[in-house]
Amino acid sequence: IKHILSLLGLEHRYNVHSGKLSGGQKKRLAIALELISNPPVLYLDEPTTGLDSSSCSSCVALLKKLASQGHTIVCTIHQPSALIFEMFDKLYTVVDGHCMYQGRVKELVPFLADQQLVCPSYHNPADYLLEVAVGEHQRDINDLIAAANKKYYEDADNNPYMGRDDMSQIITSIKENIGAKKLNTTSQELSTAALAQFSGYDYAKPGYQELPLKEINVPVEESALEEPLANERATELAKQMETEPPEVIVAASFLMQYLILMQRVLICAKRNYFLFLARIVSHIIIGVIFGYLYMNVGNSANSVLGNYVYFYGSTLLLVYTGKMAVVLTFPLEINMLTREHFNRWYNLGPYFLSLISFEIPFQSLCAVLYIVISVRLTDNDSVDAFRIYYFIILAIMVTLSAQAWGFFVGATLPTKLAVFLGPILAVLFSVFGFCTRYIDITPMFRWMWHLSYFRAGFHGALNAFYGMDRSILECPANVMYCHFRSPKVFLKYMMISDVHMSDCVLLMGIVIGVMHLLTVITLWRKLNKR
């Protein structure tokens, strides 16, 4: 990594967040990301867009340097300067879906001159070519397209492909052209004229001395520069190429991908700590507010309905914080995920697993902090300890169910629509179970009552504190009559006396699993869409 940063001139920005880099540095960083796997072919879409002239020159010079090391660089560019235009080796110009010119950059001006289009000496050839393409010089584009195709076939006939068998003849031709002089790695023993003549060959481009990246194996070009030009050596290289087994690149295992991605998630969380700190602090503050708002309602028969509202508010809070905290996760990362998955850096499975491996424990921690604080202040901790444990488990399950829904909504819908529909879905599911008995629901909507994870968590919490044979509640001395002194009376009145804890936990577990599975399927379809 440090070698690549040094090659791109980013070693002094090693510890700087990418958001604080300049435009040119961000372009170089994007190239550095692609160079991690040392690809033989690199495609770049308008690498100079948005950069100033100095940054453009530096960027293209970097690409030229990489090309000299054996990499094939293919990039699109619009209106380059004359200096940048001369750095390219070959040019392919497209007009209305047709090729108007393909060949060497230095052959562009003679080609245009053959078509009675003389480029002035003071004019940038790239600008002149664009003027011709848009029809400013009154020349039929179809004629240029036909001439470009004719030139392509002529070049193919004049420069046939040469295999390894012709390597010795090529090297002999080089020796004759440069006066049988030897070339070393520094190319210092040749005269300027001989070196210029030698560098004119396609297969003998001058290379740079520093090679931080692993060089691409191009024996025809590099061996000609690094070894004495002899037929025996060429034959040995050809035999070595045939007998040497190809380098096998082994893909990283599922576990390795997961660990690396998990490390990246932790680094991002450390850098963007304010959001996670706000989530923790908000749960603590709201826990204190709810605790004082419904203080000492947990063990009193006169305040059962107040405790009922406390459980509803707690469930609603955990549903919203669980869902809305992650609904924008995939809309913000989908472009990065698409690019990195397309480059085969990692699979979707390790990525999604690393994401939920962080979000699930963190959201569970937030839920536990809220429950511990609010339960203590509302005096719900005066009951049996196992009831509190049930409430914590149900609170975690309901917030993770909402979180799974948030992931699915964010992965499925556009950003604005996800932010709008996320709260609406939460409200829709929260209606069932709160002050709405099963018999009061219109029959055509009763299926939503059975599928509502909010209802499962809310009724499970009520059953945890007022069910399972809880003893008679205390009725204040100054109150004449407490209708809900018996917890069974309250549960029967709410028609939740037959609710089983296992059914609630099972429903929310199914919701979590199904929604995560649907999220993965949705992301897979987006990543493999062509």
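Which residue in E2 is the bridge partner of Asp45? Select Asp45 and look across to E2: the partner is Thr76. The model on screen is predicted.

**The strand pair**

Now show residues 41-45, strand E1, together with residues 72-76, strand E2; the two pair in the parallel sense over 5 bridges.

Is Tyr43 buried or exposed? Tyr43 counts as exposed because its relative accessibility is 64%, and the cut-off for exposed is over 50%.

**The largest nonpolar core**

Move to Phe311, Tyr453 and Phe490, the residues with the most contacts inside the largest nonpolar core, a set of 59 residues. Colour the elements that give two or more residues to this core: H14, H16 (348-377), H17, H18, H20, H21 (487-493) and H22 (501-527). Among these, H17 gives the most, with 14 residues.

A second, separate core has 39 residues, and Leu7, Leu44, Leu62 and Leu117 are included in it.

Go back to Phe311 and display what surrounds this side chain. Leaving aside neighbours within four places in sequence, Phe311 is in contact with Asn380, Phe391, Phe458, Ala461, Leu462, Phe465 and Tyr466.

**Helix H18**

Next select residues 415-431, helix H18. Its 17 residues should span 24 Å at 1.5 Å a residue, and the end C-alpha atoms are 25 Å apart, which agrees. Which residues of H18 are buried? They are Ala418, Gly422, Ala426, Phe429 and Ser430. An α-helix has 3.6 residues a turn, so residues three or four places apart point the same way. Show the helices that the buried residues of H18 pack against: H14 (304-324), H17 (385-412), H19 (446-451) and H20 (453-466).

**Cys482**

Finish in the loop between H20 and H21, where Cys482 is found. Cys482 is buried because its relative accessible area is 10%, and the cut-off for buried is under 20%. Select Ala301 as well: Cys482 and Ala301 are 181 residues apart in sequence, yet 6.0 Å apart in space, C-alpha to C-alpha. What is Cys482 in contact with, leaving aside its neighbours within four places in sequence? The contacts are Ala301, Asn302, Cys475 and Pro476.

Notes:
Residues numbered from 1 in each chain as written. Predicted model: local features only at pLDDT ≥ 70, side-chain atom pairs only at ≥ 80, totals over all residues. Heavy atoms only, no water. Pairing = 2+ DSSP bridges. Helix = DSSP H or I, 4+ residues; strand = E, 2+ residues; numbered from the N terminus. Expected span 1.5 Å × (residues − 1). Buried < 20%, exposed > 50% of the residue type's maximum accessible area, 1.4 Å probe, protein only. Contact = heavy atoms within 4.5 Å. Core = buried A, V, L, I, M, F, W, Y, C linked by side-chain atoms within 4.5 Å.
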